[in-house]
Amino acid sequence: MKKYDCIVAGAGVSGFAAAIGARQAGASVLLFDREHSVGGTAVYALTPVLGGWHRDHRIGGAADMLIEYLEKHNAVCWRNNNADTEEDVLQQAMLTLLEQAGVEMLFDAELAGAACQDNRIISIKIQHGGVVEEFSADNFVDATGDAALAVMAGALTTVPPPELSMTKTLMFKVSDLHGFDKTSIKKRFREKSFPVANQNEFMGTQLLNENEAILNLTAAVGNAADSAEYERMKLELAGQIPVIVEWLRKEFPEFADIKVVKTASKMGVRYTRSIVGRRQLTMSDMANPEPPAEPVATCGSYIGGHYIDCYASPWGHSITGKPAIPYGALRSKNIDNLLAAGRIIDVDPKVISAVRLCANCMASGHAAGVAAALNIPEYKELEKELIRQNCRLTKQEG
């Protein structure tokens, strides 16, 4: 049985950052994922729209490493504080940075079990190539997006009701655009009757190739933690795409000749399950002008999007204070050597929008990876290493 200092489950953007952070802290790291390569939702759900950054106020750590790599290779376009790229370009950039960091990777690898003793994960089983292998580590990071490792290890978790879990989406890419003035399209969109009743906001992103865009217009509601519900929603979303495309061709001259050139292989799930941690990120934190004690990563600037009846939820608003993700939100309450990263950290469901965007997932992932590498230390030791690795722990002024 091979042993590592840290094993990271899930190679999306949060797992990528966790692996980078752990390696920079000197740990041996295994990063694995059930998909064919890195990228997670950003690649396989067709969302290479890296929201949550500001071009002039970065968040540090692995997130900035990735953005700087893309900028160096002229592979990113800044629009509305989103760093837009292409899914294959993003995937290759992540792979290159992980290889340069010395992270060991395993793909097409399904988590098959977890053995625990005395409130600790002792080992996990991974099915790969028809064989089940066992791996052990001192500490583990769950970056699966659905808390799969936490569930298998018996960690306390919570599933929000569907009305608090945000809409699900099946993204699709179109070509042959005739211009893409998003501000104008959004205004005209609101004046029309869209065929998907609970989608009243135009969401689409022009890509590096200005002739193409990824459209985020499908919407379904349900519990994605339930396998039958997941499949029902995915079929429902797939059925919406041809209806939406035909409507767009008729209603907008920009889309008169569009063709669907790619549909996401994976449904876009914004929120499924959270761990129960040692400190929840709450609505009160969002309103507090000062960050919480023991901050380890920055929050987003808005809460309440992608509601089940329309885009904006009843509690949706911009965040004007300086909230941050507290250390305790990453730490499992009952499994001592398990940390969470990305959208599964302990968070009030109404606050999920502040932690689920790519930049914030990378920020919490980097912190979780460093904490795992340092054997889940006291906060001051973690803070020192995060600062050494150029991580921004709280929101910058301005």
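Buried means under 20% relative accessible area. His 306 has a relative accessible area of 7%, so His 306 is buried. The model behind this briefing is predicted.

**Nonpolar cores**

- The largest nonpolar core has 100 residues.
- Phe 16, Leu 66, Ile 124, Val 296 and Ile 325 are the residues with the most contacts inside this core.
- Helix H9, residues 358–373, gives the core its largest share, 10 residues.
- In soluble globular proteins, nonpolar side chains tend to be buried together.
- Leaving out residues up to four places away in sequence, Val 296 touches Ile 325, Pro 326, Tyr 327 and Leu 330, among others.
- The partners of Val 296 also include Ala 363, Ala 367, Tyr 379, Leu 382, Leu 386 and Leu 393.

**Helices H1 and H3**

- Helix H1 covers residues 13–24, and helix H3 covers residues 61–72.
- Their axes come within 8 Å and cross at roughly 110°.
- Angles of 65 to 115 degrees count as roughly perpendicular. H1 and H3 are therefore roughly perpendicular to each other.
- H1 contributes Phe 16, Ala 17, Ile 20 and Gln 24 to the contact. H3 contributes Ala 62, Met 65 and Leu 66.
- By type, the residues of this contact are 6 nonpolar, 1 polar and no charged.
- Phe 16 of H1 and Leu 66 of H3 take part in this contact. Both names are also listed among the residues with the most contacts inside the largest nonpolar core.

**His 306**

- His 306 sits in the loop between strand E17 (302–303) and strand E18 (317–318).
- Two arginine side chains make polar contacts with the His 306 side chain. The contact with Arg 270 is 3.4 Å, and the contact with Arg 356 is 3.5 Å.
- Not counting residues up to four places away in sequence, His 306 touches Met 166, Thr 167, Met 203, Asn 216, Arg 270, Tyr 311 and Arg 356.
- The backbone of His 306 has a positive phi of about 55°, although His 306 is not a glycine.
- Most residues other than glycine have a negative phi.

**Glu 294**

- Glu 294 is another residue other than glycine with a positive phi, near 55°.
- Glu 294 lies in the loop between helix H8 (283–287) and strand E16 (295–298).
- Is Glu 294 buried or partly exposed? Its relative accessible area is 37%, so Glu 294 is partly exposed.

**Tyr 4**

- Tyr 4 belongs to strand E1, residues 2–9.
- Its relative accessibility is 4%, so Tyr 4 counts as buried.
- A polar contact of 2.7 Å links the side chains of Tyr 4 and Glu 104.
- Beyond its neighbours within four places in sequence, Tyr 4 is in contact with Ser 28, Val 29, Leu 30, Glu 104, Phe 135, Ser 136, Ala 137 and Asp 138.
- Tyr 4 and Asn 139 are 135 residues apart in sequence, and their C-alpha atoms are 8.5 Å apart.

**Ile 319**

- Ile 319 is in the loop between E18 and strand E19 (324–326).
- At 6% relative accessibility, Ile 319 counts as buried.
- With neighbours within four places left aside, Ile 319 is in contact with Met 286, Gly 300, Ser 301, Tyr 302, Ile 303, Ala 354 and Lys 395.
- Cys 299 is 20 residues from Ile 319 along the chain, and 9.2 Å separates their C-alpha atoms.

- Cys 358 is found in helix H9. Its relative accessibility is 13%, so Cys 358 counts as buried.
- Cys 358 and Pro 377 are 19 residues apart in sequence and 26 Å apart from C-alpha to C-alpha.
- Lys 234 is in helix H7, residues 227–251. At 25% relative accessibility, Lys 234 counts as partly exposed.
- Lys 234 touches Leu 170, Ser 265, Lys 266 and Met 267, not counting residues up to four places away in sequence.

Definitions and conventions
Residues are numbered from 1 along each chain as its sequence is written. This is a predicted model: local features need pLDDT of at least 70, side-chain atom pairs count only at pLDDT 80 or more; totals for chains, interfaces and linings use all residues. Side-chain values use heavy atoms; hydrogens and water are left out. A nonpolar core is a set of buried Ala, Val, Leu, Ile, Met, Phe, Trp, Tyr and Cys residues joined through side-chain atoms within 4.5 Å. Buried means under 20% relative accessible area, exposed over 50%, partly exposed in between (1.4 Å probe, protein chains only). Helices (H or I, at least four residues) and strands (E, at least two) are DSSP runs, numbered from the N terminus. Contact means heavy atoms within 4.5 Å. A polar contact is a pair of N or O atoms within 3.5 Å; within protein, one must be able to donate a hydrogen and the other to accept it, and residues adjacent in sequence count only if both atoms are side-chain atoms. Axes are lines fitted to C-alpha atoms, for helices over the stretch in contact, and angles run from 0 to 180 degrees between N-to-C directions. Angles under 35 degrees count as roughly parallel, over 145 as roughly antiparallel, 65 to 115 as roughly perpendicular and the rest as oblique. Ala, Val, Leu, Ile, Met, Phe, Trp, Tyr, Cys and Pro count as nonpolar, Asp, Glu, Lys and Arg as charged, and the others, Gly among them, as polar.
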